[in-house]
There are 2 protein chains.
Amino acid sequence: MARLAGVSRATVSYVLNNTSAVRISEPTRRRVHEAAQELGYVPHAAARSLRAGHSRIVLMPAPAIPVGPLYSRFLGELQAALGRLDYTVVQYGSVGLRGDEAARAWAELRPVAVLVPGGDIGPRGVAVLQRAGARAVVTLGPERVDGAHALLTDHSAVGHSAGAHLYARGRRRIGVVVPEEPGLEVFSEPRLAGVRRALHGTDATATVLPLAYTEQAAAELAAGWRGLSLDAVFAYNDEYAMLLMRALQDEGVRVPEDVAVVGADDLMLGRLLRPRLSTVRIELPSGRDLAELVDRAVRDPGAEPEVREVLGASLVHRASS
Amino acid sequence: MARLAGVSRATVSYVLNNTSAVRISEPTRRRVHEAAQELGYVPHAAARSLRAGHSRIVLMPAPAIPVGPLYSRFLGELQAALGRLDYTVVQYGSVGLRGDEAARAWAELRPVAVLVPGGDIGPRGVAVLQRAGARAVVTLGPERVDGAHALLTDHSAVGHSAGAHLYARGRRRIGVVVPEEPGLEVFSEPRLAGVRRALHGTDATATVLPLAYTEQAAAELAAGWRGLSLDAVFAYNDEYAMLLMRALQDEGVRVPEDVAVVGADDLMLGRLLRPRLSTVRIELPSGRDLAELVDRAVRDPGAEPEVREVLGASLVHRASS
């Protein structure tokens, strides 16, 4: 490259490393950059971050469970917003690792910030990341972790919306569908707790209904439905709600006359059913807000951790309840 | 760390870098590793890859368009399989970058292999990655790219299955729903071409029906339906099929008597509609097969690029057609 640009190797190195200690003329800089372009030179992120002592990498461990369209959109927005602030967003699938072990694997990439969804990190993991140079660790989940910024997603608000609505509609024996698929407890348990909280101190009851996401499981639950004497069901999310509602209708159980049904997530498809499905709409913070929080934390790593409630839940009343 | 382990700093460095040139006793190695553990030492992936000349990073640019559950599952499987082969899978959202520019950004991470979904790379991009040390570049998309291994996903097979089925059921005026949402052309165009191929040389016709994924757009299309004189529709995927089928039913158009409807993807929710939705089931290769291809290519970077057709399409006949 030095030969192509007609300069010394030291000059090439100064220009490509953007060294400010040495004065190099604009035409020379341009010749070096043109030669680099022609030769297909690509800077080495690793070497650059070793020199700088830290990277511009924001690491987002890929969530271990399948994510819905709402969360996908949120992640896409966040990546775009961080990209505009000149961070490089890297998603890292730490398959099979948990807790401190996962934190060590993440730390190897020397990220300047780490965004951990799902609360799968403890105070020791946060410390490992900070010792490895992470200026900001932000968790997105139900509980805060010592040393980390916290975006709290309180899913009990989702269940509370549904429970309060069904109670207000005069329902008193409320079933709560809890998925049997593993990994969803982090959402399903607080949603159930929210229904119980909404019914606390009233004459209404909450009955747990475990359900696998298959037509057969739904048909079996529906076949024994009349024995349960329930007049309403809150079904974890719209997909479980649609599955159960269809099975109930096939059994001749009338919705909403015999049983009111409420889902969550406000999927478009829920509006296509008859009766149209009532649901809880969930709101996450904007990707831009969150990107700004990350940037603030990186610039001021000594500041007190921020804690914010970020999940909004509101009931959308349609014909099924 | 040397003090805690009671050894020299050089010994610590030899042990942690796993240097084979120097003989170090097992107990000494263990003492160093215990001290490293106690002090929360995390190796630096960048430094390690600089020493080794290349990394174990397999880079998967995050797809720019939202992905369905089928593709999510495929990616999850692939990550797990590569993890078992001791690769580190990194997903990198290159928001806003395209073509060679994107390839240069990916090259900065010095991946040992790159898996590019969607065909968003050309021969120059492949060369940039190879010069930066990538031993294998694998594309997953409709066309092969010079210098790269290719997993070909021919979506025309999806449309061909649907078209051939509808023709065999006696339908002759077939509408093909093409989403108006940008970014889906890479799938929708070959699906449409597949329907046309299935009808080529017959007395049947294919009519393009642009449709946005909203209830209002579907209602408008349904309101003018009788003027189109169509007796069948293949609807890009199950979601568009469900949306349109509901709108047609609300207009009093009978499915399948007046119009046969076929979707694609075999979503569970399509089975919950009445009539149950006919669909094209799409099969992708197993993550394990693909991980083995990547590993083989990394071990033998000089081998001829492999080209494989990986998309399977088969019609699932239900009540809507």
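**Helix and sheet packing in a predicted model**

Q: Leaving aside neighbours within four places in sequence, which residues is B:Leu192 in contact with?
A: This is a predicted model. B:Leu192 lies in helix H9 of chain B. Once its neighbours within four places in sequence are set aside, the residues in contact with B:Leu192 are B:Val176, B:Val178 and B:Val208.

Q: What separates the C-alpha atoms of B:Leu192 and B:Val208?
A: B:Val208 is among the contacts of B:Leu192. The two residues are 16 residues apart along the chain, and their C-alpha atoms are separated by 8.1 Å.

Q: Does B:Leu192 count as buried or exposed?
A: Buried means under 20% relative accessible area. B:Leu192 has 12% relative accessibility, so the residue counts as buried.

Q: Are H8(B) and H9(B) parallel, perpendicular or oblique to each other?
A: The axes of helix H8 (residues 156-168) and helix H9 (residues 185-199) of chain B come within 6 Å and cross at roughly 40°. Angles under 35 degrees count as roughly parallel, and 65 to 115 as roughly perpendicular. The pair H8(B) and H9(B) is therefore oblique.

Q: Which strands stand at the edges of the six-stranded open sheet of chain A?
A: The order in this mixed sheet is E7-E6-E8-E9-E10-E12. Each edge strand has a single partner strand, so one side of each is left without a neighbour in the sheet; these strands are E7 (205-211) and E12 (312-316) of chain A.

Q: In which sense do E8 and E9 of chain A pair?
A: A:Ala232 stands opposite A:Ala260 in E9(A). Over three bridges, strand E8 (residues 232-234) and strand E9 (residues 260-264) of chain A pair in a sense that is parallel.

Key: Residues numbered from 1 in each chain as written. Chains lettered and ligands numbered in written order. Predicted model: local features only at pLDDT ≥ 70, side-chain atom pairs only at ≥ 80, totals over all residues. Heavy atoms only, no water. Axes fitted to C-alpha atoms, helices over the stretch in contact; angles between N-to-C directions. Helix = DSSP H or I, 4+ residues; strand = E, 2+ residues; numbered from the N terminus. Parallel < 35°, antiparallel > 145°, perpendicular 65-115°, else oblique. Buried < 20%, exposed > 50% of the residue type's maximum accessible area, 1.4 Å probe, protein only. Contact = heavy atoms within 4.5 Å. Pairing = 2+ DSSP bridges.
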